[in-house]
Amino acid sequence: NVTADIAVSNSFTVGPEVGVLKWDFGDTEVSATNLGVRANWFFSGTAFEDGWYLGPFIMYVSAKGKNIATSENANVTGTSIGSLVGYGWFWDTFNMMLGLGITSYSVDGESSTSTVDFTSFNGTSVAFEWTIGWTF
């Protein structure tokens, strides 16, 4: 994922988040993209300084499954909302953040084939982040 943090106050940042994933599961190739908004509230009262943060987010997710042997496709779209609590380390031009939280998702299958089954699913899972970044 790529995220931009833009300070909107001394202790609060907000910005876009975009991600692309691609992996294979046996005969099925899965690709996914997400687009959303992420915010960070820094407990210390000062953004971009070492300390604890709360990072809520909301994402639109789109995924495609393809059977490599038959070229059949199936698609799903949905949303994910969640939050992380973590610690950030900030140097002059480099930063690192480590967080743990929870995400809730709702995804609806748009199509299914005889060899690729993307059905609707809803749930909650653990969210984890380890990010590195540059300050400019």
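Guide: A term first. Patches are made of residues with over 30% relative accessible area and no salt bridge, and nonpolar side chains are joined within 5 Å. Note also that this is a predicted model.

Now the patch. Its members are Ile-6, Val-8, Phe-12, Trp-41, Phe-43, Trp-52, Leu-54 and Val-85.

Take Ile-6 in detail. Ile-6 sits in strand 2, which covers residues 6–7. Its relative accessible area is 47%. Buried means under 20% and exposed means over 50%, so Ile-6 counts as partly exposed. The value also passes the 30% cut-off for patches.

Next, the setting. The protein has 8 strands and 0 helices. From the N terminus on, the order of elements reads β-β-β-β-β-β-β-β. Along the principal axes, the C-alpha atoms fill a box of roughly 55 × 25 × 20 Å.

Contacts come next. Take those in the protein between residues at least 6 apart in sequence: 54% of them join residues at least 24 apart.

Then burial and surface. The protein has 136 residues, and 32% of them count as buried. Its accessible surface comes to about 8,100 Å². Carbon and sulfur atoms account for 62% of that surface.

Last, charge. The protein carries 13 negative and 4 positive side chains. The centres of these two sets lie 10 Å apart.

Terms used. Residues numbered from 1 in each chain as written. Predicted model: local features only at pLDDT ≥ 70, side-chain atom pairs only at ≥ 80, totals over all residues. Heavy atoms only, no water. Patch = residues over 30% accessible without salt bridge, like charges linked within 9 Å, V, L, I, M, F, W, Y side chains within 5 Å. Areas by Shrake-Rupley, 256 points an atom, 1.4 Å probe, with all protein chains shown as cover. Salt bridge = Lys/Arg side-chain N within 4 Å of Asp/Glu carboxyl O. Helix = DSSP H or I, 4+ residues; strand = E, 2+ residues; numbered from the N terminus. Buried < 20%, exposed > 50% of the residue type's maximum accessible area, 1.4 Å probe, protein only. Contact = heavy atoms within 4.5 Å. Lys, Arg positive; Asp, Glu negative; His and termini not counted. Charge placed at Lys NZ, Arg CZ, Asp CG, Glu CD.
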